[in-house]
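Here are my notes on this one, as promised. Have a look at the fold first, then read on.

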Amino acid sequence: MNADAVVLDVDGVLVDVADSYRRAILESVEYVYDRTIRKEDVQEFKDAGGFNNDWELTYAAALYVLATSEGYDDSLDEFTDRIAAEGGGLEAAETVVRDSIGARAFQRVDDRWDPERLRDVFQQLYLGPELYRGLEGGEPDDDLADAGFIHDEPVLLESETRDVLVEEYNIGILTGRPRAEAEIALERVGLDDAVALEHRFTMDDWEEGKPHPHALTTLADRFDAETVVFVGDTLDDVRTATNAAEADPDREYHGVGVLTGGLTGEEGRQKYDREGATTVLESVDDLPSWLEN
């Protein structure tokens with residue numbers, strides 16, 4: 001693989017977020033509405049597409065919980081399948097609920113649905129009091145003073161892998177994290193100094209989000225690369241590479257899936273394959289040998 005540039009997602013690739021971001025999704029909905037979804041349900045939203053932003057996934061999960069109290073009786077699997085059929089994302093989730101329970105019931109759901117509060121609780125849970133004060137500028141709730149899931153993110157990228165990638169390839173970052181939270185993760189894995197600011201795309205840097213190809217094609221242009229490998233842990237990451245190849249046919253784009261996020265085992269491998277992943281790796285630490293061989 002004569003790759004000119006390697007672009008890395010953060011969550012599920014460089015750090016494990018099962019007990020941080022994904023935990024915050026579940027506990028935010030539970031905190032605000034006293035009910036929540038199951039841990040494994042988070043992946044169903046991810047597979048449906050359009051939920052690279054975990055805040056929006058939290059809003060959609062809360063919407064489902066509220067809709068069930070108004071007579072919505074589809075299983076969560078059916079709910080996310082319908083979201084996928086509508087094109088994915090939060091707007092599709094709203095459409096599914098509105099079409100299913102009718103205007104009056106949806107209005108009652110909408111009156112209780114509070115994305116702003118969900119986001120605030122999410123940030124308190126994830127960041128913990130000190131970072132929440134510094135990044136969000138607010139004072140945390142008293143009963144969330146012991147939170148801080150960001151500190152529960154094991155590093156997945158081994159230092160030897162990092163050193164090889166930095167030495168041999170142009171390295172970019174493409175993540176749905178806010179910029180400040182991405183910087184914290186990059187510092188933790190030792191890539192903060194190795195990846196120039198112009199080679200990072202975060203939530204704050206482009207409106208569309210994955211799987212829109214703009215960020216990936218822009219990075220390819222900035223690297224003046226002919227062949228770009230994008231490594232991610234969701235189907236939308238692979239779709240981003242596929243969409244980039246369609247939008248920018250003069251370059252090669254390869255979507256590589258890893259099995260260290262929500263997609264695991266043989267089932268995860270098959271899902272990646274169906275989306276057209278160039279290859280599926282057990283972890284990012286297998287990337288250098290695959291690139292070489």
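In what sense do strand E4 and strand E5 pair, and over how many bridges?

1. E4 (residues 227-232) and E5 (residues 252-258) pair in the parallel sense, over six bridges; strands count as paired if DSSP finds at least two bridges between them. Thr-227, for instance, has Glu-252 in E5 as its bridge partner.

2. Some housekeeping: this is a predicted model, with local features needing pLDDT of at least 70 and side-chain atom pairs pLDDT 80 or more, while totals for chains, interfaces and linings use all residues. Residues are numbered from 1 along each chain as its sequence is written, and side-chain values use heavy atoms, without hydrogens and water.

3. The open sheet has six strands in the order E3-E2-E1-E4-E5-E6, with parallel pairing. E3 (200-201) and E6 (279-281) are at the edges with a single partner strand each, so one side of each lacks a neighbour in the sheet. Helix H11 (residues 265-274) packs on the sheet and touches E4, E5 and E6 (contact means heavy atoms within 4.5 Å).

4. On the helix side, Gln-123, Tyr-126, Leu-127, Leu-131 and Leu-135 in H6 meet Ala-180, Glu-181 and Ile-184 in H8. By class, that contact has six nonpolar, one polar and one charged residues (nonpolar: Ala, Val, Leu, Ile, Met, Phe, Trp, Tyr, Cys and Pro; charged: Asp, Glu, Lys and Arg; polar: the others, Gly among them).

5. Overall, the chain has twelve helices and six strands (DSSP runs: helices H or I of at least four residues, strands E of at least two). Of its 293 residues, 54% count as buried, meaning under 20% relative accessible area with a 1.4 Å probe, protein chains only.

Key. Axes fitted to C-alpha atoms, helices over the stretch in contact; angles between N-to-C directions. Buried < 20%, exposed > 50% of the residue type's maximum accessible area, 1.4 Å probe, protein only.
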